Structures are given as C-alpha cells and as structure tokens.
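Here is a short briefing on aromatic contacts. Have the sequence and the structure open while you read.

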Amino acid sequence: MIPVFAVVGHPNKGKSSIVSTLAQDDSVAISAQSGTTRVAEVLTVNVGNCQYRLVDTPGFQRPAKVLQWLQDHATGAEQRQTAVKKFVNDEACRSRFPDEVQLLRPIVEGAAILYVVDGSRPYGPEYEAEMEILRWTGQASMALINLIENESHIESWQQALSQYFRIVKVFNAMQADFDKQLSVLEAFSHLKDEWKEAIEALINEYKNLRERQREERLRILTRLLTDLCSYQVSQKVLTPAQAKSIQPVLEKRFYSGMRQREAEAFEQLKNVYRYRNVQSDIYDLPFGDNLFDTEKWIVWGLNRKQLVTAATLAGAATGAAVDVSLAGHTLLLGTIGGGLLAGGGAWLGANRIAEFKLLGLPLGGYEARQGPVRNRNFPYVVLGRFLFLDKALRERTHARRDRIQINEGDLASLLDQLSGTEKKELHAALDRLRRQRVVETIEEVLRPLLD
C-alpha cells in the first residue's frame with residue numbers, strides 16, 4: 001500500500017513549500033501570491049524501492065459555506081463522512097465550490113491529512129470551519145505549524161490545533177533538516193496502522209539514500225581534485241615560433257577547460273541532492289578571473305601561514321615514510337628534514353599558475369603544452385569551493401527559491417576539525433596531487449570532510 005498525504009490549509013500558508021521540502025523536489029511551483037495552486041497536483045516521490053505520494057491542494061476559499069452545506073446534509077455524526085463524499089461528487093458543489101472539491105477529493109479517496117497553518121500570523125476563529133470540515137472526513141490527520149516569517153503565534157496555534165488533531169508539529173519548510181522531515185513521516189506510522197510497515201521501509205530508504213549521497217559526493221570531489229590538478233592542454237606545432245604564437249590560444253583553452261570541469265562537478269553535486277533549478281553565484285566569484293586569481297586564493301584556500309604549516313605537515317608525513325623504510329635508523333631525521341624542506345619551499349613559485357612548455361617530438365616538430373597548475377594552494381582552493389557549495393546544499397531545503405550566495409570560505413576552520421593524523425594525510429595527499437602523483441587512498445583521506 002502506497003501512503004498518500006494531502007497537504008491542505010488556508011491559501012498562502014506554505015502548502016507548496018511543505019510539499020517541495022518533503023518531496024525534496026525544487027520543481028514544485030511556489031509563489032507569495034495567493035492561489036498559486038488551482039487544482040490538486042499529485043507528486044509521486046520515489047526513494048529507493050519505496051514510494052509515497054504528496055497531493056498539493058488549493059486552499060480553502062469558502063469553508064463556512066461548505067460546512068453549512070455539510071451540516072444540512074448530515075443530521076448525525078455517523079452521516080458526516082457520507083456527507084463529505086456527497087459534497088465532492090455533487091455537480092452543483094463542483095461549480096460553486098471548486099477549490100474545496102479539489103481539496104477534499106484525495107482525502108475522500110483515502111489520503112491522510114497534513115493541515116498547514118502559518119505560525120507567524122495570529123490564530124482566528126475563521127480557521128475553525130475548515131478544521132471542522134477536515135474532522136468530518138474521518139481520515140488520519142496531523143497539523144504542521146509553518147514558520148513563514150517568525151514564531152510569534154506558535155502557542156495559540158498549538159492550543160487551538162490540539163483540539164482537532166492528535167499530532168501538532170512545528171515545521172519550518174525553509175529550514176527543516178533531514179531528521180525533521182523524517183519525523184513527519186514517522187508520526188503517520190503511528191496514526192495509520194495499515195501504513196506502518198510501508199512508512200518504516202520508506203524511512204530506512206531515506207537513510208540509505210543519505211549514505212549513497214555521501215559516497216557519490218565523495219566520488220565527485222575525488223574526480224574533480226584529481227582531474228583539475230593534472231589537467232593540461234597541448235598542440236602539435238612545427239617550429240618554436242608557432243608555439244609562441246599559439247600560447248594565448250592554449251592558455252584560453254586551458255582556463256576554459258578548468259572552469260567547465262568545475263562547473264560540471266557542481267552540477268553533479270546539485271543532482272546528488274536532487275536540486276534541478278537552484279542557482280548559485282559560486283561560479284562567478286566577486287573577483288577577477290574566477291579560479292585563476294592567485295591574489296584572492298586565500299578566500300577559498302589557505303593563507304600564507306596556514307599554507308606553510310600544511311606544507312610542513314605534508315613534508316613531515318613524507319619524511320616519516322622514509323624513517324619507516326629505514327627501520328628508524330635515521331632517528332627521525334627524515335621527519336624533521338622533510339618537514340623543514342617542505343615548509344621552507346611552501347611559497348616557492350606561489351604566483352605561478354600553469355607552465356607553458358615546448359617539447360620536442362621523436363618524429364620531428366614540437367608539442368606546445370599548457371598546464372598543469374603548480375601552485376601549492378590550488379588543490380585547497382578547489383577543495384574549499386566544493387565543500388562550501390556542498391554545505392550550502394546540504395543545509396538548504398527544496399522550498400527555497402533564492403540564489404545560493406557564497407562570498408568567501410573558511411577552509412581552515414573545517415580542517416581544524418580533523419584529527420592530527422587526518423590533517424597530515426590530507427596535506428600529504430593534496431601535495432602529491434599537485435605534483436601529479438597517484439594517491440590511491442584519496443577517497444579515504446577526503447571522507448572525514450564529508451561526514
């Protein structure tokens with residue numbers, strides 16, 4: 001049995017926002033204008049091997065008159081559900097009360113009720129007619145207090161709603177985290193016994209999805225770092241003069257290819273989180289030449305002091321490997337020497353981005369080559385930009401329609417959350433990538449940053 005939830009309420013109280021957040025679908029139409037939803041729209045949500053349906057309904061327009069109609073057609077409580085069904089199927093009612101008919105039809109057909117109110121607006125008796133109508137349907141129901149602007153009137157809403165609904169939850173569609181979203185589904189497993197098994201399976205699939213998302217994010221980040229740190233472009237030429245003349249062309253192709261690869265990785269990351277329409281300004285940073293303005297790289301990477309420390313740790317990690325290979329006979333001189341050497345050379349060629357080389361070919365002629373990036377800070381810049389977009393997407397709900405604004409990063413604070421061993425392994429791995437060396441453990445090294 002597939003659980004079905006009808007999201008209902010007064011116009012312009014965030015019903016579509018609730019649907020978008022719960023479904024993790026940013027294609028659901030949301031507007032500040034009342035009456036955006038004119039007909040009931042069914043959205044099937046597939047999660048692994050499970051699915052459920054959310055029905056986005058029009059808002060109540062004339063609940064007092066509808067309630068009066070129902071009261072005229074039911075003389076006792078045992079007739080109320082039948083009266084609601086008659087209302088939905090009555091031709092005159094479809095013409096006179098089109099919104100209420102659209103709203104109630106999925107409920108009459110078995111959908112559970114998610115009643116949405118705005119906790120930033122005061123409670124009023126005008127809501128009682130629509131809550132009474134929903135009670136007449138006899139379906140399992142829950143009330144969600146959506147916080148569109150603030151929390152000013154939560155208490156009065158809780159007192160009123162608790163008289164009509166067994167479960168009342170505060171749910172901010174713009175800020176609800178993963179656990180809060182799952183709690184809505186979990187609550188219904190206690191309200192409707194026939195859905196209990198299906199909802200429990202659904203919750204497990206959501207948790208499995210979260211784990212799959214983490215692994216996919218890790219693969220995208222690994223590919224991006226490895227690709228950008230080794231990327232280069234080349235062109236065969238006949239003479240050194242030709243090579244010099246095409247250098248600007250190669251440079252342009254090189255930078256364009258780098259930007260394209262990062263942009264593709266960012267789109268893949270958005271898809272992991274099921275974002276199809278979200279726009280972000282991370283591609284167009286508020287300075288110069290995007291990825292290639294080294295004077296601004298400390299915004300996303302490390303500053304000079306942090307970079308020297310990172311280089312020292314990377315060198316120390318390399319030196320430690322030498323000590324192990326010599327069974328400790330160097331008395332840790334390898335560790336000390338490696339650290340000092342790396343630290344002292346941390347800013348050697350710091351402003352150099354990508355080298356232009358001219359190589360002789362065995363069969364005659366030359367090959368002009370642009371890249372790869374040699375700057376020690378470069379892998380940290382790539383890492384920082386990816387992690388901050390990842391964080392912005394992870395903490396965002398699908399109901400939001402604003403652009404993602406990321407003006408600067410703080411990679412160092414993220415790295416400080418790692419253990420000493422994890423830091424050393426990360427710095428050593430990024431240093432090897434920068435020097436186009438294979439890092440077989442790169443996924444495991446990056447994993448703590450995504451946990």
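Is phenylalanine 388 buried or exposed? Phenylalanine 388 is buried, because its relative accessible area is 16% and the cut-off for buried is under 20%. The model is predicted. The count of aromatic pairs comes to 13.

**A tilted pair**
- Among these pairs is phenylalanine 5 with phenylalanine 188, a tilted one. The centres are 4.8 Å apart, and the planes make 55°.
- Distant parts of the chain are linked by this pair. Phenylalanine 5 sits in strand S1 (residues 4-9), phenylalanine 188 in helix H8 (residues 178-191). The separation is 183 residues.
- Phenylalanine 5 counts as buried, at 1% relative accessibility. Phenylalanine 188 counts as buried too, at 0%.

**An edge-to-face pair**
- Tryptophan 300 and phenylalanine 388 have ring centres 5.9 Å apart. Their planes meet at 75°, so the pair is edge-to-face; the cut-off is over 60 degrees.
- Tryptophan 300 lies in the loop between helix H10 (240-272) and helix H11 (304-325). Phenylalanine 388 belongs to helix H13 (residues 378-394). The pair therefore ties together parts 88 residues apart in sequence.
- Tryptophan 300 has 1% relative accessibility and so counts as buried.

**A cluster and charges over rings**
- One aromatic cluster is formed by Phe5, Tyr52, Phe188 and Trp195.
- Over the face of tryptophan 195 lies lysine 192, at 4.2 Å from the ring centre.
- Arginine 210 lies over the face of phenylalanine 178, at 4.5 Å from the ring centre.

Note on methods:
Residues are numbered from 1 along each chain as its sequence is written. This is a predicted model: local features need pLDDT of at least 70, side-chain atom pairs count only at pLDDT 80 or more; totals for chains, interfaces and linings use all residues. Side-chain values use heavy atoms; hydrogens and water are left out. Rings of Phe, Tyr and Trp (its six-membered ring) pair if their centres lie within 6.5 Å; planes under 30 degrees apart count as stacked, over 60 as edge-to-face and the rest as tilted. Helices (H or I, at least four residues) and strands (E, at least two) are DSSP runs, numbered from the N terminus. Buried means under 20% relative accessible area, exposed over 50%, partly exposed in between (1.4 Å probe, protein chains only). A charge sits over a ring if NZ of Lys or CZ of Arg is within 6 Å of the ring centre and within 35 degrees of the ring normal.
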